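User: I'd like to go through this one with you. Can we take it a piece at a time?

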Amino acid sequence: MERLRATFNRLRRSRRAVLIPFVMGGDPDLATTASLLLALQDAGADVIEVGIPFSDPLADGPTIQAASARALRRGATPSRVLEAIASVQAQLRVPIVCLSYWNPIMQFGSDGSPRSFLQAAHAHGVSGLIVPDVPVEEGRVLQDAAAQERIATIFLAAPTSPPNRLRAIARASQGFVYYVSVTGTTGARHALPDDLVRGIRQLKRMTTKPVCVGFGIATPAQAATVARIADGVIVGSALVQTIAAASSRDDAVQRASRFVKRLRSAVG
Amino acid sequence: MAALHELERAYAKARRDPAFQRELRELLTQYAGRPTPLYYAKRLSQALGGRRIYLKREDLLHTGAHKINNTLGQGLLARRMGKHRIIAETGAGQHGVATATVAALLGFECEVFMGEEDMQRQALNVVRMRLLGARVTPVTGGTKTLKDATSEAIRNWVTTVRTTHYCIGSVVGPHPYPMLVRDFQSVIGREARQQILKAEHRLPDVLLACVGGGSNAIGLFHAFRDDRRVRLIGVEAGGTSLTPGHHAATLVKGRPGVLHGAKSLLLQDRVGQVLATESISAGLDYPGVGPEHAYYQLTKRAEYVAVDDTRALRAAQQLARLEGILPALEPSHALAYLARLAPRLRRHAVVVLGLSGRGDKDVQTMAQRLMSTSNGTPARHI
């Protein structure tokens, strides 16, 4: 949590937008995930979001669904993804935020509470956690357990969220607030929605916490547009697609690195 | 979440609104064919040693299953909320057909998500939905069955939520769905309770119903929940065997988990990945189950058992021959368990079994199965 806060503070002082690329843990395999984390850090990522694969990723479009399925087929589990993060922890300066659906977190311990997962996440160097199928209304258990391990909980705000919900989401989120740019699932889009600027501004008026925007941001140009109004930009599916299109592990790391460099120079 | 809150508010209002209740009642009577008979199955009763077996004939409803009770209710609710598009997931196609039917009746646009594998095994229902004007969208992700059709319907809903109502087909999914669907289905038990009191002047000893997500079972059980002497038994799909991945017996074999926005029991592996399921009946082929069933199991109000494919198939044939009723493969699981249970009941025990749907949709599956077990010479055996 501290590392996440420090990152945002530093970038806020330098008036730069935070760039947050997303990779699916274990896609194409766990060793590549570890290499990707270091390569993306070198390419200019400020925070890296790592997905824990799940059999039923409800909030995800076809690209991340496929990545999740590939990772599971290759034997990725929540603990193995955490181990992959820990394996490069010594060289990582950027904070890692994990994204996981609720069920794998619940099943991590033997008592159905998220505590074991959060302890392990903390021990393996994770700074924050996004759980897309835990709405803020049901977030208490998660927040309490995360607070004990000093892991930031980040909730999702949608364009359809009414003002009182947006406020609750902003209040409950730590590190940053995740604004979902589209009504829908993750996935690259040709164009950003027309009401995006209004939505981000509305949320920013309600909170002093950084607002990062994700879902559907695919190109450096789109990332640049969003970076002008938001505090950070999250790019997932487009990067996952780049990795999936690679011919080898090395190629995947190189392509991902090139893509994040382009995003970096666009975001500023 | 905003949409769930909207639905919860709209339903709370509709529930108390006499005009809503009247319109629903009229549609259930005039359009769907309620009340359904509680039929005393004399020859089946004789075959089971004199226990008195009653069948709650939801198979006689318009569209051929209990699903229409719920889709009519949700359809009226969607209209009140000003939605003009309705989407649904479907496994066996019965809920899809019931949703497409109500969409046609109320003038909604309709899209039904169905696993690619289910579209093949329930091809007839795909045609029915299309004839009713619905778009049927194949789901190719994951297991290509009900679980993934539900995921895809939810994904579509979050994308189109401003104009669209998601008409979920069972007592699963996020609140308020399990409650809402239960309420719309509980007409089954309310009728059955009156009917059995009239026929036998007493309450039944046992209620039996099949459980996939669990809507017809909750619908039957709910009116009897405070009649502590009435045994409630839910019968799940045992598939080909009770080993992981080969059945859909969530209450028998599952552990607590979260899927599709509900905490209930779940068929999952050690690390929380949801397992594939297998069942001869597409309608029971779901790794989760309604949270209220999990609660009934936990509080020991109801018992849950599993029956395998072969026994269900045999029970379907038995009912067809004894009573001239071809049941769907889903309630055939309950019929199969009845055959096992009956000898253990006292001689004049009264049993009410929820016959949730008719078997027309399953004729192709039955033909394939029976042909393959009798060397391609079905005539004598079927």
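User: Is Ile151(A) buried or exposed?
Analyst: This is a predicted model, so read the values with that in mind. Ile151(A) is buried, because its relative accessible area is 0% and the cut-off for buried is under 20%.

User: Where is Ile151(A) placed in chain A?
Analyst: Ile151(A) is in the loop between α7 (140–148) and β5 (152–154) of chain A.

User: And which residues is Ile151(A) in contact with, leaving aside its neighbours within four places in sequence?
Analyst: Met1(A), Leu118(A), Ala121(A), His122(A), Val126(A), Ser127(A), Gly128(A), Leu129(A), Ala146(A) and Gln174(A). As for Gly128(A), it is 23 residues from Ile151(A) along the chain, and the C-alpha atoms of the two are separated by 5.0 Å.

User: Other loop, then. Where is Ser113(A) found?
Analyst: Ser113(A) is in the loop between α5 and α6 (115–123) of chain A.

User: Buried or exposed, Ser113(A)?
Analyst: Ser113(A) is buried, since its relative accessible area of 12% falls under the 20% cut-off.

User: What does the side chain of Ser113(A) have a polar atom close to?
Analyst: A polar atom of the Ser113(A) side chain lies 3.1 Å from the backbone nitrogen of Arg115(A). Not counting residues up to four places away in sequence, Ser113(A) touches Ile105(A) and Met106(A).

User: Zoom out. How many helices and strands in chain A?
Analyst: Chain A has 12 helices and nine strands.

User: What percentage of chain A is buried?
Analyst: Buried residues make up 62% of the 268 residues in chain A. On contacts within chain A, take those between residues at least 6 apart in sequence: 73% of them join residues at least 24 apart.

User: Switching to the interface. How many residues of chain A and chain B are in contact?
Analyst: 26 residues of chain A are in contact with 27 residues of chain B. The area buried between the two chains is about 2,100 Å², with carbon and sulfur atoms giving 54% of that area.

User: Which residues in chain A lose the most area to chain B?
Analyst: Asp56(A), Leu58(A) and Gln107(A), which together account for 28% of what the chain A side buries.

User: How many salt bridges across the interface of chain A and chain B?
Analyst: The rule finds one. Lys147(B) pairs with Asp56(A), and their closest N and O atoms are 2.8 Å apart.

User: And how many residue pairs in polar contact there?
Analyst: The rule finds 13 across the interface of chain A and chain B, with both residues of a pair at pLDDT 80 or more.

User: Which helices of chain A supply at least two residues of the side that touches chain B?
Analyst: α3 (62–73) and α5 (102–108) each do. α5(A) gives the most, with five residues.

User: What is that side like by class?
Analyst: The side of chain A that touches chain B has 12 nonpolar, nine polar and five charged residues.

User: How many salt bridges over all chains?
Analyst: By this rule the count comes to 38. One of them is between Asp17(B) and Arg80(B), at 2.9 Å from N to O. That pair links distant parts of chain B: Asp17(B) is in the loop between α1 (2–16) and α2 (18–32), and Arg80(B) is in helix α4 (residues 67–80), 63 residues apart.

User: What are the relative accessible areas of Asp17(B) and Arg80(B)?
Analyst: Asp17(B) has 22% and is partly exposed. Arg80(B) has 39% and is partly exposed.

User: Which residue does Asp360(B) form a salt bridge with?
Analyst: Arg358(B), the closest N and O atoms being 3.8 Å apart. Asp360(B) is partly exposed at 46% relative accessibility, and Arg358(B) is partly exposed at 32%.

User: What about Asp362(B)?
Analyst: Asp362(B) forms a salt bridge with Lys361(B), with 2.7 Å between the closest N and O atoms. Asp362(B) and Lys361(B) are buried.

User: Last one. Which residues are linked in a network of salt bridges?
Analyst: Arg15(B), Arg182(B), Asp183(B) and Glu292(B) are linked that way.

Notes:
Residues are numbered from 1 along each chain as its sequence is written. Chains are lettered from A and ligands numbered from 1 in the order in which they are written. This is a predicted model: local features need pLDDT of at least 70, side-chain atom pairs count only at pLDDT 80 or more; totals for chains, interfaces and linings use all residues. Side-chain values use heavy atoms; hydrogens and water are left out. Contact means heavy atoms within 4.5 Å. Buried area is the accessible area (1.4 Å probe) that two parts lose on being put together, summed over both. A salt bridge is a side-chain nitrogen of Lys or Arg within 4 Å of a carboxyl oxygen of Asp or Glu. A polar contact is a pair of N or O atoms within 3.5 Å; within protein, one must be able to donate a hydrogen and the other to accept it, and residues adjacent in sequence count only if both atoms are side-chain atoms. Helices (H or I, at least four residues) and strands (E, at least two) are DSSP runs, numbered from the N terminus. Ala, Val, Leu, Ile, Met, Phe, Trp, Tyr, Cys and Pro count as nonpolar, Asp, Glu, Lys and Arg as charged, and the others, Gly among them, as polar. Buried means under 20% relative accessible area, exposed over 50%, partly exposed in between (1.4 Å probe, protein chains only).
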